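Work through the following exercises with the sequence and the coordinates side by side. Each task is followed by a solution in steps.

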Amino acid sequence: MFSLTGNRQSDRSDERSQAGSDPRVYPVLPVRDTVLFPHAVLPLTVGRESSIHLIESLGDNRTIVVVAQRDPRVDSPQPEDLHEWGTLATVHKVVKMPNQSRFVFTEGTERVRLRRITQIEPFLLAAIEIVPELAFDSTQPDMEVQALQRNAVAQFQQIVAASPTLSDELQTISANIEEPGRVADFIAASLPFLTTSDKQGLLELNTASQRLERVNQLLAKELEVQQLRSRIQNEVQDQVQQSQRDYYLREQMKAIQKELGEADESQRDIEELRQKIEAAGMPPDVRKEADKELNRLARMSPMAADTAMLRNYVEWLASLPWSQSSGTKIDLAYARQILDADHYGLKKVKDRILDYLSVLQLKPDMKGPILCFVGPPGVGKTSLGRSIARALGRKFQRVSLGGMHDEAEIRGHRRTYVGALPGQIMQSIRRAEVNDPVMMLDEIDKLGRDFRGDPSAALLETLDPEQNATFRDNYLDVPFDLSKVLFICTANMLDPIPEPLLDRMEIIPLQGYSEEEKVHIAFNYLIPRQIEANGIRGDQIEFPEDAVRHLVRHYTREAGVRKLEQVIGTVCRKQARRIVEGRDEMLTITSEILLEFLGGQQVRVDSEIFERTQRPGVAVGLAWTPAGGDVLFVEANKMKGKGGFTMTGQIGDVMQESMQAALTWVRSNASMVGIEEDFTSSIDLHIHVPAGAIPKDGPSAGVTMVTTLVSLLTNTPVRPFTAMTGEITLSGNVLPVGGIKEKFLAARRAGVQHIILPAENRQDVDEDLNAGQLDGVTIHYVSRVEEVLAAALPLVFAQPPGGRIPRLPVGNEPAAMA
């Protein structure tokens with residue numbers, strides 16, 4: 001890097017004497033975004049005060065050094081802002097411009113390097129070193145340099161010939177220069193596409209061979225860019241020519257068709273759309289809109305950008321079933337037959353459909369109801385919708401709402417968007433081809449919500465009988481009558497559904513199936529369907545009732561029958577393989593065959609209940625889940641401490657409050673249940689609800705918590721095969737809970753023999769459970785915690801203190817507990 005010496009201030013006479021006393025000290029003119037090469041003429045506009053001062057101070061010696069700035073944004077460059085290499089130049093002419101700037105014509109003579117800055121103010125002076133040209137003798141150039149020179153000239157001439165901005169004289173000038181270094185400098189100075197950094201790099205190469213190599217690289221890159229640009233331009237030109245050719249041909253075809261009296265294709269399309277609109281039976285306001293858009297389409301050129309969009313819109317209007325209905329005569333007996341043939345049980349649902357058909361027969365213009373089937377997976381919600389459509393004689397359409405986040409999926413997109421379409425509701429209506437189908441909105445509780453909108457809010461109009469008669473899709477933007485559509489929604493649980501949407505639907509719960517119902521469904525539906533699906537004849541496999549019950553008890557644990565059908569399908573596939581292998585004899589399914597085909601039993605809850613409740617401090621509760629009912633183990637333990645109380649098992653706030661209420665009741669009634677009143681002063685308690693990875697919440701485990709604590713503190717195991725559910729209060733009352741049927745069926749699947757229920761849930765048992773489901777299970781109805789303890793811990797509370805705990809009947813107790 002060059003150094004800085006000398007004074008910052010100097011008058012003009014000092015400058016001249018200093019420049020004259022040392023022939024190697026010259027004024028320095030900083031320039032932006034340009035590089036001056038030796039033997040090149042460069043016009044410069046000088047506008048900075050220091051630069052104008054420099055030009056005005058030149059006397060007879062009009063030699064300066066032109067140096068490029070490193071950063072062109074710097075207005076007052078200092079020595080560190082300049083490149084070290086520059087060009088010694090002669091100022092030939094100076095023209096004063098109206099804006100007081102100077103227009104200077106300079107010619108480069110030599111490459112120089114700045115060695116030392118001798119002055120900064122009022123302009124820069126620098127001591128320089130002239131860099132000699134390191135090249136071979138120009139009369140006898142080296143062969144490699146000569147090849148580089150010829151290649152550079154050839155490429156340069158190609159670029160000049162292809163460029164509209166470069167003069168053709170440059171080709172002749174470049175060919176007549178003999179010195180290799182001058183050829184490289186001339187080409188670099190003549191190419192407008194080179195950046196300042198590229199030019200500065202070439203200036204700093206003082207050997208001709210190096211400069212020629214670099215120039216050849218830059219020229220080759222530019223040639224490649226030019227070829228690519230030329231190819232793109234030719235392709236675009238070809239496309240334009242093709243479009244013009246197509247246009248002329250179309251115009252000629254129109255003229256020929258006009259002479260022959262034939263309509264063109266676009267006119268035929270317009271007439272077809274007009275006929276479809278005539279036959280669609282649109283309401284007057286919709287017909288007016290369709291005619292307006294069709295006339296607009298007829299006036300548009302086929303090449304217009306909006307033609308395809310407008311034609312698609314008119315086709316949608318013409319294809320919707322504005323007046324087409326199913327028109328099927330209502331037959332209650334046939335509808336009942338279809339519903340009974342497709343589904344076993346579900347009496348409430350079937351009664352509701354038959355009620356609707358009865359009213360529809362009396363009042364044909366009634367609005368369709370909005371039903372919502374709520375139940376665990378596998379109970380037949382979706383298939384029930386298909387059966388209802390068959391019973392009504394209507395088309396069936398299913399719209400899956402699970403995971404839907406965009407409100408436009410329901411109401412459609414505006415026509416202004418590219419690729420816009422109507423929403424799923426209108427698309428289903430178009431597929432059904434009638435305006436009164438059975439439309440199932442599946443998994444409505446799985447709707448999402450994000451920045452694109454809330455689909456549940458878009459459903460508010462769709463599922464409101466008072467509003468859906470004028471449903472307006474965003475794409476169609478005309479009203480469509482949805483009041484004749486029978487909407488059926490399905491959900492596993494009601495909690496995620498927004499309250500305004502829930503208020504518009506009639507909730508019909510579908511509880512899980514009992515063992516008897518599952519066996520009946522297996523024989524009448526599942527087994528025949530799986531035998532046919534796997535290519536087996538009915539005389540090649542047999543499922544005895546014992547084998548089906550074994551499947552239900554030991555290989556499935558669900559409220560519905562989806563898993564049951566899967567294991568039946570697995571057994572059928574195993575038999576299909578045996579038949580293919582040559583063993584085509586009748587196969588009668590037994591427990592041994594099931595063990596061979598399916599492996600060990602997957603569900604052994606009954607033995608688990610017996611084993612885990614052998615020790616004190618373990619009780620079995622009943623819980624409701626979106627998949628049906630389930631049994632819930634509650635465990636408690638104690639250790640030395642000072643009254644600490646720990647609750648684990650990923651339990652929610654409500655369940656934690658139930659635990660606190662249970663502990664409070666036990667402490668306040670310690671003497672009555674035979675526990676020391678200050679038992680918390682010397683021990684810590686810990687209640688855990690397995691499995692720890694599954695979230696749990698709700699108040700219905702209150703009686704189970706109390707029973708667990710009393711069992712632990714009295715060192716008494718809970719009666720075997722006993723499960724319970726119910727909310728408790730601090731005063732000891734047992735309150736009713738929901739999901740009784742699901743909990744009861746879960747208890748039966750788990751082998752429970754005694755179930756403790758709140759007394760106020762007796763009506764739920766009478767309405768939802770039949771005698772077959774109640775068989776083999778003793779139900780203890782309780783209204784007080786004392787009654788719960790008497791039923792769950794009969795050995796301790798057989799004789800209630802003060803006669804407050806009645807002795808309830810307990811049957812089928814194991815001999816060990818007698």
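**Exercise 1.** Decide whether Phe186 is buried or exposed in this predicted model, and then describe how its ring is placed against that of Phe156.

*Solution.* Phe186 has a relative accessibility of 18%, and because buried means under 20%, Phe186 counts as buried. Phe156 is buried as well, with a relative accessible area of 0%. Turning to the geometry, the ring centres of Phe156 and Phe186 are 6.2 Å apart and the planes stand at 75°; since planes over 60 degrees apart count as edge-to-face, this pair is edge-to-face. Finally, Phe156 belongs to helix 3 (residues 143-162) and Phe186 to helix 5 (residues 180-190), so the pair ties together parts that lie 30 residues apart in sequence.

**Exercise 2.** The structure holds 4 aromatic pairs; characterise the one formed by Phe103 and Phe105, and state how accessible each partner is.

*Solution.* The rings of Phe103 and Phe105 are 5.1 Å apart, centre to centre, with 85° between their planes, an edge-to-face arrangement. Phe103 has 27% relative accessibility and counts as partly exposed, and Phe105, with a relative accessible area of 28%, is partly exposed too.

**Exercise 3.** Work out how helix 3 is oriented against helix 4, and which residues make the contact.

*Solution.* The axes of helix 3 and helix 4 (residues 169-176) come within 9 Å and cross at roughly 170°. Because angles over 145 degrees count as roughly antiparallel, helix 3 is roughly antiparallel to helix 4. On the side of helix 3, the contact involves Val153, Phe156, Gln157, Val160 and Ala161, which meet Leu170, Gln171, Ser174 and Ala175 of helix 4.

**Exercise 4.** Identify the aromatic rings over which Arg415 and Arg430 lie.

*Solution.* The charged end of Arg415 sits over the ring of Tyr313, at 3.7 Å from the ring centre. Arg430, in turn, lies over the face of Trp316, 4.0 Å from the centre of that ring.

Methods:
Residues are numbered from 1 along each chain as its sequence is written. This is a predicted model: local features need pLDDT of at least 70, side-chain atom pairs count only at pLDDT 80 or more; totals for chains, interfaces and linings use all residues. Side-chain values use heavy atoms; hydrogens and water are left out. Rings of Phe, Tyr and Trp (its six-membered ring) pair if their centres lie within 6.5 Å; planes under 30 degrees apart count as stacked, over 60 as edge-to-face and the rest as tilted. Buried means under 20% relative accessible area, exposed over 50%, partly exposed in between (1.4 Å probe, protein chains only). Helices (H or I, at least four residues) and strands (E, at least two) are DSSP runs, numbered from the N terminus. A charge sits over a ring if NZ of Lys or CZ of Arg is within 6 Å of the ring centre and within 35 degrees of the ring normal. Axes are lines fitted to C-alpha atoms, for helices over the stretch in contact, and angles run from 0 to 180 degrees between N-to-C directions. Angles under 35 degrees count as roughly parallel, over 145 as roughly antiparallel, 65 to 115 as roughly perpendicular and the rest as oblique. Contact means heavy atoms within 4.5 Å.
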